[in-house]
Amino acid sequence: MELEFFREFIELSKGKSISQTARDLNTSQSALSRHLQALEAEFKAELLMRSGNDAQLTPEGEVVLDLAKNIIGSYDRVLNA
């Protein structure tokens, strides 16, 4: 799994739309959607409930969000050590 996918998922969890998050991250909406789909396939669960431009974390998404924050936090601490 790509660390960047976790970083993107953390940004998505902040309640912005996929298109807004893609703009904020300077990536395409289609790339961000593919990365989210890869995470969902990896964890075999829907992580976001999509409704139009709105997206809410599922219970499984909440668990993966905590995991993503821990992984990214640990990685960043190693880089800064």
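Begin by selecting Phe-5, which counts as buried because its relative accessibility is 15% (buried means under 20% relative accessible area, exposed over 50%, partly exposed in between, with a 1.4 Å probe and protein chains only). Phe-5 sits in helix α1. Helices (H or I, at least four residues) and strands (E, at least two) are DSSP runs, numbered from the N terminus.

Before moving on, note that this is a predicted model, in which local features need pLDDT of at least 70 and side-chain atom pairs count only at pLDDT 80 or more, while totals for chains, interfaces and linings use all residues. Residues are numbered from 1 along each chain as its sequence is written, and side-chain values use heavy atoms, with hydrogens and water left out.

Which residues is Phe-5 in contact with, leaving aside its neighbours within four places in sequence? They are His-35, Ala-38 and Leu-39, where contact means heavy atoms within 4.5 Å. Between Phe-5 and Leu-39 the C-alpha to C-alpha distance is 7.3 Å, although 34 residues separate them in sequence.

Now select helix α1 (residues 3-12) together with helix α4 (residues 59-80). Their axes are 9 Å apart and the helices pack at an angle of about 125°. Axes are lines fitted to C-alpha atoms, for helices over the stretch in contact, and angles run from 0 to 180 degrees between N-to-C directions. The pair is therefore oblique (under 35 degrees is roughly parallel, over 145 roughly antiparallel, 65 to 115 roughly perpendicular, and the rest oblique). To see the contact, show Leu-3, Phe-6, Arg-7, Phe-9 and Ile-10 on α1; on α4, the residues include Val-64, Ala-68, Ile-72 and Tyr-75. The contact residues of the two helices comprise 10 nonpolar, one polar and three charged (Ala, Val, Leu, Ile, Met, Phe, Trp, Tyr, Cys and Pro count as nonpolar, Asp, Glu, Lys and Arg as charged, and the others, Gly among them, as polar).

For contrast, go to Ala-81, in the segment after α4. Ala-81 counts as exposed because its relative accessibility is 90%.

Finally, display the whole chain. It has four helices and two strands, in the order α-α-α-β-β-α along the sequence. Of its 81 residues, 36% are buried. The C-alpha atoms fill a box of roughly 40 × 25 × 20 Å along the principal axes.
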